[in-house]
Amino acid sequence: MAAQPLLSVRNLRTVFGTMQGEVTAVDDVSFDVAPGEVLGIVGESGSGKSVTALSIMGLLPQPPGRVAGGEILFDGRDLLKLPKSQMRQMRGSAIGMIFQEPMTSLNPVFTIGDQITETIRVHERIGAAAARKRGIEMLEKVGIPSPQRRIDDFPHQLSGGMRQRVMIAMALSCSPKLLLADEPTTALDVTIQAQILDLLRDLQREMGMAIVIITHNMGVIAEFADRVAVMYAGRIAEEGPVGRIFDAPTHPYTAGLLSSTPDLVGEVPRLRTIPGTLPSLYELPPGCRFAPRCGRRVEACEAGRPATQEIAPGHFAACIRAREGASA
Amino acid sequence: MPASDTTMDAADALPKPRATPFWRTPTFRRLVRHRSFMIGLAMFSFVVALAVLAWWIAPNDPNRTAIRMRFRPPQLDRVLLLGTDNLGRNMLSRIVHGAQLSLLIGLGVVVLNSVFGVLLGAVAGYFRKLDGPMMRLADALMAFPSILLAIGIAAALGPSAWTAVIALSVVYIPRTARIVRASVLVVREMEFVQAARASGAGHWRIISRHIMPNCMAPLIVQLSFIFAYAVLSEAVLSFLGLGAPPSIPSWGTMISEGRTYIREAAWLTIVPGCAIALTVLGLNLMGDGLRDVLDPRLKIEQG
């Protein structure tokens with residue numbers, strides 16, 4: 001990972017102007033994604049995961065949103081400094097994105113073929129027939145049966161899982177190097193979820209792209225990601241290889257998240273929950289943002305922001321007691 | 001195999017037409033079954049037929065005077081079906097040629113509205129920074145009583161058919177722009193717009209391909225009503241002498257001229273009055289029907 005990351009987010013700070021003043025939704029977030037790597041970002045609703053993705057894509061609703069600081073280096077170029085037109089060229093060709101709601105992510109008045117070929121033709125000088133051919137290939141790739149016929153269907157003729165496949169086909173139609181998947185399976189049935197994740201993994205291996213997958217589902221991460229970053233209240237609490245995070249979480253929040261997920265092996269005891277709720281972004285605790293809910297809190301936690309420490313190679317945690325060992 | 005995939009395979013087995021023609025869509029079937037829409041369509045089609053076939057229906061030149069034939073009342077006769085006016089001009093000829101003018105002016109206003117109203121509404125709804133100034137300007141224009149504003153503009157530009165079209169468009173474009181803006185505000189927040197942005201589409205592509213096609217229903221309804229208002233307002237402008245010049249037969253002018261003789265020759269005002277009523281009522285019934293079928297939400301709001 002040290003070699004040359006594909007995506008390198010450095011000290012990203014994204015703020016939203018609201019009636020009650022400015023709130024910082026993403027506060028000093030840094031992470032790297034290597035080419036061909038799958039990074040999972042987990043966190044509760046409101047922890048800043050989606051805002052991070054939108055910041056990378058340059059799709060923040062502006063106003064009220066604004067990137068207030070940091071760098072987003074993609075292939076060595078700072079996306080935040082790119083002129084708008086070049087950033088638009090990036091979207092869809094170098095960076096693709098898929099969304100949570102497949103039911104509303106397709107334009108209801110055009111056929112799916114229209115929508116896939118549109119994406120291709122925005123980015124490449126290619127004739128209508130060639131674009132259509134590529135569209136059919138893409139639909140075939142994402143496992144849509146009889147794509148030559150399905151390409152002329154309207155979105156309402158497809159099920160949710162099929163629509164998400166179409167969204168993936170659209171996002172991948174120009175072979176992006178990076179795919180941002182914002183809760184791609186949340187709105188789907190569990191069986192379909194597994195299919196979509198399998199599909200994404202197959203395509204990822206075949207096309208060699210990197211994926212940033214955003215979810216609140218630890219199961220999705222365990223199945224899919226190489227590395228995981230756990231976000232809490234706009235900051236990264238812990239980041240590391242999936243195996244280490246699941247086996248030896250060092251941040252109490254990660255440990256709490258894991259212990260509130262049912263285990264498939266053995267007796268299922270009553271699930272543990274993390275007491276309290278995510279702090280309001282208007283009234284953030286002064287020190288560690290998890291401190292008010294943390295069972296391992298000490299006085300020093302409230303003094304200041306805990307420094308991010310490298311617990312093991314590639315495993316970072318922002319907790320002053322991280323080195324004391326896991327207590328999950 | 002999850003349920004959704006099996007249903008898809010079942011659907012695959014059936015032969016499927018590539019695209020549904022409009023006359024086979026549920027929308028079309030609902031329109032056909034909507035009684036007042038069909039009545040309105042019949043009335044409006046009748047007026048359109050009069051206008052299109054004017055050269056064939058009209059017994060003679062609508063402006064040819066015949067003093068000896070003055071004030072002939074309507075009678076069962078190919079030529080004198082609607083009688084003659086104070087200068088002996090044939091009323092039937094004048095009515096059908098008046099239909100041409102009314103419909104052309106109505107059409108002109110609708111075309112200008114669907115170009116500029118849509119453009120301005122889409123821009124105001126999409127680019128939030130322009131929204132405030134543009135809508136305040138629209139408010140200012142809408143604060144004038146519409147007919148007064150039209151009279152003012154028509155008087156300033158000098159009476160002609162084109163003036164009427166421009167004056168009425170200025171009056172109605174802010175209204176169309178408002179409707180379009182409201183729809184755009186809803187559609188622009190939908191996820192497929194975000195998805196289009198994420199795939200690198202530019203602003204104009206997003207507006208024209210992704211937003212506008214999803215805003216058509218309220219727009220079509222609005223345009224059908226604007227057509228009716230334009231026909232009515234054109235008659236008012238002509239009545240006041242601010243519409244088409246006297247050489248072009250206009251229903252409004254006919255009522256205005258016939259007013260003097262309303263006691264002796266009531267048909268001079270009743271006949272063009274009925275023509276206006278038929279056109280406007282037809283369009284309004286069609287508009288109501290379209291609204292019921294395309295945009296049921298509006299019906300609830302209006303009670």
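This is a predicted model: local features need pLDDT of at least 70, side-chain atom pairs count only at pLDDT 80 or more; totals for chains, interfaces and linings use all residues.
Let me begin with chain A as a whole. A compact globule of 328 residues would have a radius of gyration near 20 Å, and chain A, with 21 Å, agrees with that expectation. Along the principal axes, its C-alpha atoms fill a box of roughly 65 × 50 × 40 Å. Of the 328 residues in chain A, 47% are buried. If we take the contacts in chain A with a separation of 6 or more, 63% of them join residues 24 or more positions apart.

How many of the nine residues of helix H1 of chain A are buried? The count is nine of nine, and this helix, residues 49-57, is accordingly described as mostly covered. Among these buried residues are A:Lys49 at one end of the list and A:Met57 at the other, together with A:Val51, A:Leu54 and A:Ile56. Just after H1(A) comes A:Gly58, which takes a positive phi of about 70°.

The second topic is A:Gly219, which has its place in helix H8 of chain A, residues 218-224. Why does A:Gly219 count as partly exposed? The reason is that A:Gly219 has 16 C-beta neighbours inside 10 Å, whereas a buried residue needs 20 or more and an exposed one has 12 or fewer. From A:Gly219 to A:Ala307 there are 88 residues in sequence and 28 Å in space, C-alpha to C-alpha.

I turn now to the interface. Here 31 residues of chain A are in contact with 21 residues of chain B. Four helices of chain A each supply at least two residues to the side that touches chain B: H2 (84-93), H3 (112-123), H6 (160-172) and H7 (190-207). H2(A) gives the most, with five residues. Sorted by class, this side of chain A has 13 nonpolar, twelve polar and six charged residues.

Finally, let us look inside chain B, at two helix pairs. Two packed helices are described by the angle between their axes and the distance between the axes.

The crossing of H6(B) past H8(B) is left-handed. From H6(B), the residues B:Ala138, B:Leu141 and B:Met142 meet B:Pro174, B:Arg175, B:Ala177 and B:Arg178 in H8(B). This contact comprises five nonpolar, no polar and two charged residues.

In the second pair, the axes of helix H9 of chain B, residues 191-198, and helix H10 of chain B, residues 203-211, come within 11 Å and cross at roughly 140°. H9(B) and H10(B) are therefore oblique to each other. Which hand does the crossing of H9(B) past H10(B) have, left or right? The crossing of H9(B) past H10(B) is right-handed. On the H9(B) side the contact is made by B:Phe192, B:Val193, B:Ala196 and B:Arg197, and on the H10(B) side by B:Ile206, B:His210 and B:Ile211. By class, the contact of H9(B) with H10(B) has five nonpolar, one polar and one charged residues.

How values were computed:
Residues are numbered from 1 along each chain as its sequence is written. Chains are lettered from A and ligands numbered from 1 in the order in which they are written. Two residues are in contact if their C-beta atoms, placed from the backbone, lie within 7 Å. Ala, Val, Leu, Ile, Met, Phe, Trp, Tyr, Cys and Pro count as nonpolar, Asp, Glu, Lys and Arg as charged, and the others, Gly among them, as polar. The radius of gyration is taken over C-alpha atoms; the globule rule is 2.2 Å times the number of residues to the power 0.38. A crossing is left-handed if the near helix is turned anticlockwise from the far one by less than a right angle, and right-handed if clockwise. Axes are lines fitted to C-alpha atoms, for helices over the stretch in contact, and angles run from 0 to 180 degrees between N-to-C directions. Angles under 35 degrees count as roughly parallel, over 145 as roughly antiparallel, 65 to 115 as roughly perpendicular and the rest as oblique.
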